[in-house]
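Reader: I would like to learn how to read a metal site, a ligand shell and a strand pairing from coordinates. Could we go through them in turn?

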Amino acid sequence: MRHIRIFDTTLRDGEQSPGCSMNLQEKLEVAARLEALKVDVIEAGFAISSPDDFEAVKAIAGMVRGCYVGSLARATEKDIDRAWEAVQGAEKPFIHVFLASSPIHMEYKLKMTPEQVLDRAVSSVAYARVRCADVEFSAEDATRSDWDFLAKLYSAVIAAGATVINVPDTVGYTTPQEMFDLIAYLKANVAGIGGVELSVHCHNDLGMAVANSLAAVKAGATQVECTVNGIGERAGNAALEEIVMALHTKREYYGAETGVETRQLYRASKTLSGIIGVTPTPNKPVIGANAFAHEAGIHQHGVLANRLTYEIMRPEDIGIPANKMVLGKHSGRHAFEDRLQSLGFSLSAEDLNAAFEQFKKLADRKKVVSDDDIAALISDRSVEIGDGYQIVRFIVNSGSTVPATAAVRLSRGEEEREDVSLGDGPINAAFNAINRIVDGAFALEGFSIRSVTEGEDALGEAVVKLGRGGETVTGRGLSTDIIEASIKAYVNGVNKLMARK
Ligand code: KIV
Ligand code: ZN
């Protein structure tokens, strides 16, 4: 079996896409999940793009063990210096240098000739290699580039010291057969290709990112770049969980496998969607809510007789627990801890105590606490901002014949403040009252509420996108009361924006 390296770029290509930005604490939480997944490579960010990104890359480099941690850099000395400054503390650092190679990018974006691009790529890789033992080179928009030029470019950067060459389908334009042929061509025509990793990086504009990545593996690629839940620019990147489970389920066909701990996939997916407030569609392969649900009678009958009739993967292999023992207000600590473990969560004693307390409170309000409730509770805990505003109490009043009003009381440290406001509805009134307390001009750029599970007593999860001064953050709140969930989400967003400032 060939080992296929999984290169995760959730924290770089994923994080840079709209609505997916994360603060430092959230990035560290995602990085910890990637470490637990045992991905081979983590692209932690683009160090030169902002001071926050730099700090995040540096912190992840210092924290993660067992896999490569790197930063993206344009093909300039300034970018490479900044990337190296951020990643040099990693156990296994790398620098990822990219430069476009397609005619349209070279002419209109870079305003460089192919010869200039080749020279810049070589000098940049050589510059990075003096600093770092592992250097990846990406020919941006490779799939719309001239194949002969690509082969020359990759041969030259390998001679200059690149240890990984990456073939990005930047605009999601290619098809599986074309990708197979391109990789086969590069294998036959790039000098020194046998001595380096051959990587692919596919975007999903035509819905073929995963298929294109797998075709590349079939043709001999040794590394796949992907993101958790497939987040990324425009239609996203190839989804990590789909690549991993395709290679796991069809390993004989591909003659290849990954080192990913598949039982951590569910938790990684839940952690990320909880943080960015973007839940994968129910029919999303592998981790969608319906990925293992059998509705049709014929299917249910088949699965009851033998699950292999309609299931090609086992939910347990993804970390979705098979154990359906019901948890509720009579459940003890052991049962709760046991369920947490089967969901892939291992908490410190202190976090476990706090989580158990929250579970008990929830069990008082709900008859049955589901796995989704528990996963939501745990990711909700990770978004708290220590020294920010806390909700002391709120009262809202609304109806068809009275204007909506809200009174909200918040505390911060020793100080408590209360204010009252009108609004178009109870949630708007509460948000207005909070704005008056925190003296904030926050723009509500998005608001959604969904129930985590089904039933009248379901937990509601509110997500707000809150902006100020060109920055947007995601705030989340969880409660069986949707107004409380909304207020929590708003306060969480306010705290995040204030922490950034
Ligand atoms: O899509 C792309 O081309 C990229 C490169 C920087 C690898 O993200
Ligand atoms: Zn990309």
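Author: Let us begin with burial: a residue is buried under 20% relative accessible area, exposed over 50% and partly exposed in between, using a 1.4 Å probe and the protein chains only. By that criterion His201 counts as buried because its relative accessibility is 5%, and His203, with a relative accessible area of 5%, is buried too. This is a predicted model, in which local features need pLDDT of at least 70, side-chain atom pairs count only at pLDDT 80 or more, and totals for chains, interfaces and linings use all residues. Residues are numbered from 1 along each chain as its sequence is written, chains are lettered from A and ligands numbered from 1 in the order in which they are written, and side-chain values use heavy atoms, with hydrogens and water left out.

Reader: Which protein residues are donors of the zinc ion (ligand 2)?

Author: Donors are N, O and S atoms within 2.8 Å of the metal (3.2 Å for Na, K and Ca), and as water is not among the atoms, sites may look incomplete. Here the protein donors are Asp13 through OD, and His201 and His203 through NE2, lying 2.0 to 2.1 Å from the zinc ion. Their spacing in sequence is D-x187-H-x1-H.

Reader: Which side chains have polar atoms close to an oxygen atom of ligand 1?

Author: A polar contact is a pair of N or O atoms within 3.5 Å; within protein, one must be able to donate a hydrogen and the other to accept it, and residues adjacent in sequence count only if both atoms are side-chain atoms. For ligand 1, a polar side-chain atom of Thr170 lies 2.6 Å from an oxygen atom of the ligand, the corresponding distance for His203 is 3.0 Å, and that for Asp13 is 3.1 Å. On its own, ligand 1 has 260 Å² of accessible area (Shrake-Rupley method, 1.4 Å probe), of which the protein covers 95%.

Reader: How is strand S15 joined to strand S16?

Author: Strands are DSSP runs of E with at least two residues, numbered from the N terminus, and two strands pair if DSSP finds at least two bridges between them. S15 and S16 (residues 471–479) run antiparallel and are joined by 9 bridges, with Gly460 partnered by Ser479 in S16. They form a hairpin with 2 residues between them, where Gly469 in the turn has a positive phi of about 55°. On another side of the pairing, 8 bridges join S15 to S14 (residues 443–451), also antiparallel, and Gly446 stands opposite Lys465.

Notes:
Helix = DSSP H or I, 4+ residues; strand = E, 2+ residues; numbered from the N terminus.
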